[in-house]
Amino acid sequence: MKHVIAVLALACLLIGLAVSASGADQVTTVPVHFAKGASSAKLKGHFTGYDSVHYTLDANAGQTATVKLDGSSNASFNVFKPGDEPGAAEAIGSGSVGTPWEGQLPASGEYIVQVYQMRASARRGEKVDFAIELAAR
């Protein structure tokens, strides 16, 4: 019985080490602030594999937001309303390189624009370089 418990304890330890060695997907959060008098900002970023970048932007209900993405054809994005989180809620908008999104914002607060790549290229560990333009008017 002691031998079985020791083997199970060792197995749990090895699994824990494997999970921690592989690391969790990295999420980089970047707050977006428009320059005085401006209603848009252009930023550059990059990530690899299953990692992603979350741009946070304060906006008001009724404003029209625009998201444009350039760079790697693997880059895609989702837009989440205040209080919603990627992976836990449905996006209010989405797009990719060459397919911008524009929409009227339903609530005031902090929006998240998640930039990521699709599973096939993420699985290959591809690096994604991109430029993003965010606007709220």
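## Contacts of F80

F80 touches E85, P86, A89, E90, A91, Y111, I112 and Q114, leaving out residues up to four places away in sequence. The model is a predicted one, and the contacts are computed from its atoms. F80 itself is found in strand β5, which covers residues 75-80.

The relative accessibility of F80 is 2%, and the residue therefore counts as buried, the cut-off for that class being under 20%. Between F80 and V113 there are 33 residues in sequence, while their C-alpha atoms are 6.4 Å apart in space.

## Strand β5

Six of the six residues of β5 are buried, so the strand is largely enclosed by the rest of the structure. Both of its faces are covered.

Six bridges join β5 to strand β8 (residues 109-117), and the two run antiparallel. Within this pair, S76 stands opposite Y116 of β8. The other pairing is with strand β6 (residues 93-96), again in the antiparallel sense, over four bridges. Here V79 of the pair stands opposite G93 in β6.

## The five-stranded sheet

β5, β6 and β8 belong to an open sheet of five strands, ordered β1-β3-β8-β5-β6, with mixed pairing. The edges are taken by β1 (27-31) and β6, each of which has a single partner strand, so one side of each is left without a neighbour in the sheet. From one strand to the next the twist averages 20°.

Strands of a sheet pair through backbone hydrogen bonds, in either a parallel or an antiparallel way. Strand β3 (residues 52-59) pairs with β8 in the antiparallel sense, over seven bridges. In that pair D58 stands opposite E110 of β8.

## Pairings of strand β9

Strand β9 (residues 127-136) is joined to strand β2 (residues 40-48) by nine bridges, and these two strands run antiparallel. One of the facing positions is S40, which stands opposite A135 in β9.

β9 is also joined to strand β4 (residues 64-71), by seven bridges and again in an antiparallel arrangement. The bridge partner of A65 in β9 is A136.

## Salt bridges

How many salt bridges does the structure hold? There are two. Side chains of opposite charge can pair when their charged atoms come close. R124 has a relative accessibility of 56% and so counts as exposed, whereas E126, at 27%, counts as partly exposed.

The other salt bridge is formed by D129 with K127, whose closest N and O atoms are 3.8 Å apart. This distance falls within the 4 Å cut-off, so the pair counts as a salt bridge. D129 has a relative accessibility of 42% and therefore counts as partly exposed.

## S121 and helix α2

S121 lies in helix α2, which spans residues 119-123. At 4% relative accessibility, S121 counts as buried. Apart from its neighbours within four places in sequence, S121 is in contact with N74 and E126.

## The chain as a whole

The secondary structure of the protein chain comes to two helices and nine strands. In sequence order, the pattern is α-β-β-β-β-β-β-β-β-α-β.

Of the 137 residues in the protein chain, 34% are buried. The accessible surface of the protein chain comes to about 8300 Å², with 55% of that area belonging to carbon and sulfur atoms. When contacts between residues at least 6 apart in sequence are considered, 79% of them join residues at least 24 apart.

Key
Residues numbered from 1 in each chain as written. Predicted model: local features only at pLDDT ≥ 70, side-chain atom pairs only at ≥ 80, totals over all residues. Heavy atoms only, no water. Buried < 20%, exposed > 50% of the residue type's maximum accessible area, 1.4 Å probe, protein only. Contact = heavy atoms within 4.5 Å. Pairing = 2+ DSSP bridges. Areas by Shrake-Rupley, 256 points an atom, 1.4 Å probe, with all protein chains shown as cover. Axes fitted to C-alpha atoms, helices over the stretch in contact; angles between N-to-C directions. Salt bridge = Lys/Arg side-chain N within 4 Å of Asp/Glu carboxyl O.
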